[in-house]
Amino acid sequence: MTLDQYRSTADRLLNPFVGLAARAGLTPNGVSAIAFVLAAMAAVAYWLAGGDAWWYLVGAVLVGLNGALDLLDGALARRLGTASPAGDFLDHVLDRYADIVLVIGLALGVDRPVLGLVAVSGVFMTSYLGTQAQAVGLDRVYGGLLGRADRLVLIGLVTLVSGVVDLSVAGVTLVGALLAVLAVVGHVTALQRCYHALSALSTGSR
């Protein structure tokens, strides 16, 4: 994990935008829904990039906006005093669907469905174990090599570069390599979170 620890800093930077969103009459749930729509649009752009790499640039911008709104919804809820378990639940559901469609879009764009399946499972298990720890009485776990913030930044940067230059080694494109990283590091991160949770539960039971 590298970026999740800077959530408080990001919240401070977003303060002016939180005020704008509040004055515009946006709700936290509405922001969460918009963030998901942007992720779905990015997924379509990545799929289309299989025929025209320019779409990677479009996808990278949309992923950046998705990440910003993913931070904004929680900050807006706190500003309006409407933070609730229901809102938190909806946010996590939409985040998981966003993660899934993004990876599927990337995999379809480079015609690597099996690699995409492994990457999706790694991403999903990383997020699942982070929240499952909370379900059994621990704090929500954000640790590990690749949290959601890191993942979005990585996807955005790799696809941004892919939209500008066509790099490949032995037939493997940057996006193909990205999927491999998400597949491997995603499962490693999930196992790290599993180990952390089991260690905490074992210590607490003594």
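So, which residues make the nonpolar surface patch of about 460 Å²? Keep that in mind for a second, and note that what we have here is a predicted model.

Okay, the patch. The residues are V44, W47, L48, I104 and L108. Two elements each give two or more residues to this patch: α3, which runs 28–48, and α5, which runs 85–109. Helix α3 gives the most, with three residues. If you want a landmark on screen, find W47, which sits in α3.

Now let's go to the charged side chains. Searching the whole structure turns up five salt bridges.

Start with R148 and D95. Their side chains meet in a salt bridge, 3.9 Å from N to O. R148 belongs to helix α7, residues 148–164, while D95 is in helix α5, so this pair ties together parts that are 53 residues apart in sequence. And are these two buried or exposed? The cut-off for buried is under 20% relative accessible area. R148 comes out at 9%, so R148 counts as buried. D95 has a relative accessible area of 9% too, so D95 is buried as well.

Stay on R148, please, and look at D99. R148 forms a salt bridge with D99 as well, and here the closest N and O atoms are 2.9 Å apart. Again the pair links distant parts of the chain, with R148 in helix α7 and D99 in helix α5, 49 residues apart. Both R148 and D99 are buried.

Next, D99 has another partner to show you. The side chains of R96 and D99 meet in a salt bridge at 3.1 Å, N to O. What separates these two along the helix? R96 and D99 are three residues apart in helix α5, which means about one helical turn lies between them. R96 and D99 are both buried, by the way.

Definitions and conventions. Residues are numbered from 1 along each chain as its sequence is written. This is a predicted model: local features need pLDDT of at least 70, side-chain atom pairs count only at pLDDT 80 or more; totals for chains, interfaces and linings use all residues. Side-chain values use heavy atoms; hydrogens and water are left out. Patches are made of residues with over 30% relative accessible area and no salt bridge: like charges are joined within 9 Å, nonpolar side chains (Val, Leu, Ile, Met, Phe, Trp, Tyr) within 5 Å. Accessible areas come from the Shrake-Rupley method with a 1.4 Å probe; for residues, only the protein chains shown count as cover. A salt bridge is a side-chain nitrogen of Lys or Arg within 4 Å of a carboxyl oxygen of Asp or Glu. Helices (H or I, at least four residues) and strands (E, at least two) are DSSP runs, numbered from the N terminus. Buried means under 20% relative accessible area, exposed over 50%, partly exposed in between (1.4 Å probe, protein chains only).
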